[in-house]
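Opening the notebook on this one.

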Amino acid sequence: MVVFFDIDGTIVDNATQIIPDSAVEAIRLLRENGHIPVVNTGRPFGHIDLRIRQLAFDGWICACGMEVILNGTFLHRDYPSEALCGFVIDQCKKNRMLIQAETADALYYDADMTYTPAPLREAARLEKKGIRVMPYQEAADRSFIKFVTHETEESDRAAFLAAVEPFFHPMIHPGTMIEYSKRGNTKAKGMERLLEALHIPRAETFAIGDSENDLPMFAVAGTTICMGDGMENLKKAADHITDPVLGDGVFHALRHFGLI
């Protein structure tokens with residue numbers, strides 16, 4: 001079996017940033033039992049918590065499917081060009097959208113804009129994990145892997161989306177955040193690419209997540225599991241609801257299905 005894991009709210013508790021020991025043990029046992037544990041996240045690989053990278057994962061679907069890695073080798077990598085990145089930054093400035101652009105090892109922001117609390121919290125969290133947070137004005141070039149936007153009362157969201165939608169798939173989150181992946185790349189497409197390389201059918205897969213942005217992952221997996229403290233819409237789409245993160249939800253879910 002291939003088991004796909006979301007990170008935030010699934011392996012890592014959102015409020016405390018704790019990774020339960022039971023989750024670490026569950027992933028180790030899963031691999032020991034001959035199954036294939038895979039991360040499926042919106043974050044680029046370089047932005048993943050080092051604690052997660054040290055766990056027993058065989059595969060990584062990162063940046064909403066723009067990066068697919070198996071046993072340390074890239075199966076797929078599809079980044080926007082430097083020109084397209086520049087276009088996005090210019091459109092953000094034109095339409096007063098707050099950009100946070102993710103490179104392999106840094107988070108860019110616009111030094112000319114005043115950022116609201118939500119993106120500032122995310123920047124502080126990444127900085128604590130060793131990710132450089134810097135104005136794109138100070139970067140050697142404006143290239144990035146993927147990006148999110150936040151908005152204020154001055155933002156023209158409609159005009160911005162109209163400009164970038166031919167090139168990027170927008171994923172609208174609760175609050176002010178919109179996440180974008182390059183067209184042709186999603187969490188679901190990343191799963192399909194990895195399963196094709198492994199010659200494993202969808203029926204032999206599980207997916208574990210907690211939020212609505214895991215719905216594409218659920219659309220591909222044979223069996224779906226929502227964390228006990230996950231979003232209601234994901235619970236409705238799940239085959240099984242486990243316990244919360246800090247209630248050893250990952251361990252209990254894998255034990256429930258006889259995977260560990």
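I started with the open sheet: six strands in the order S8-S7-S6-S9-S11-S10, with mixed pairing. I took strands as DSSP runs of E with at least two residues, helices as runs of H or I with at least four residues, both numbered from the N terminus. Two strands pair if DSSP finds at least two bridges between them. S8 (132–135) and S10 (168–172) are the edge strands with a single partner strand each, so one side of each has no neighbour in the sheet. I get an average twist of 25° from one strand to the next.

Housekeeping: this is a predicted model, where local features need pLDDT of at least 70 and side-chain atom pairs count only at pLDDT 80 or more, while totals for chains, interfaces and linings use all residues. Residues are numbered from 1 along each chain as its sequence is written, and side-chain values use heavy atoms, with hydrogens and water left out.

S7 (residues 106–109) and S8 run parallel, joined by four bridges, and Tyr109 has Pro135 as its bridge partner in S8. Helix H4 (residues 117–128) packs on the sheet and touches S6, S7, S8 and S9 (146–150), its direction making about 25° with that of S6. Helix H5 (residues 157–164) also packs on the sheet, touching S9, S10 and S11 (178–182), at about 10° to the direction of S11. Contact here means heavy atoms within 4.5 Å; axes are lines fitted to C-alpha atoms, for helices over the stretch in contact, and angles run from 0 to 180 degrees between N-to-C directions.

Then Glu102, in strand S6 (residues 98–102). Is Glu102 buried or exposed? Glu102 is buried, at a relative accessible area of 8%; buried means under 20%, exposed over 50%, partly exposed in between (1.4 Å probe, protein chains only). Among the residues Glu102 touches are His47, Phe144 and Lys146.

I moved on to strand S12 (residues 205–209). Five of its five residues are buried, so S12 is largely enclosed by the rest of the structure. Thr205, Ala207 and Gly209 point one way, Phe206 and Ile208 the other. S12 pairs in the parallel sense with S1 (residues 2–5) over four bridges, and with S13 (residues 223–226), also over four bridges.

Last, I checked for disulfides (cysteine sulfur atoms within 2.5 Å) and found zero. From Cys62 the nearest cysteine sulfur, that of Cys64, is 9.9 Å away. For Cys226 the nearest is again that of Cys64, at 18 Å.

How values were computed
Lists of a residue's contacts leave out its neighbours within four places in sequence.
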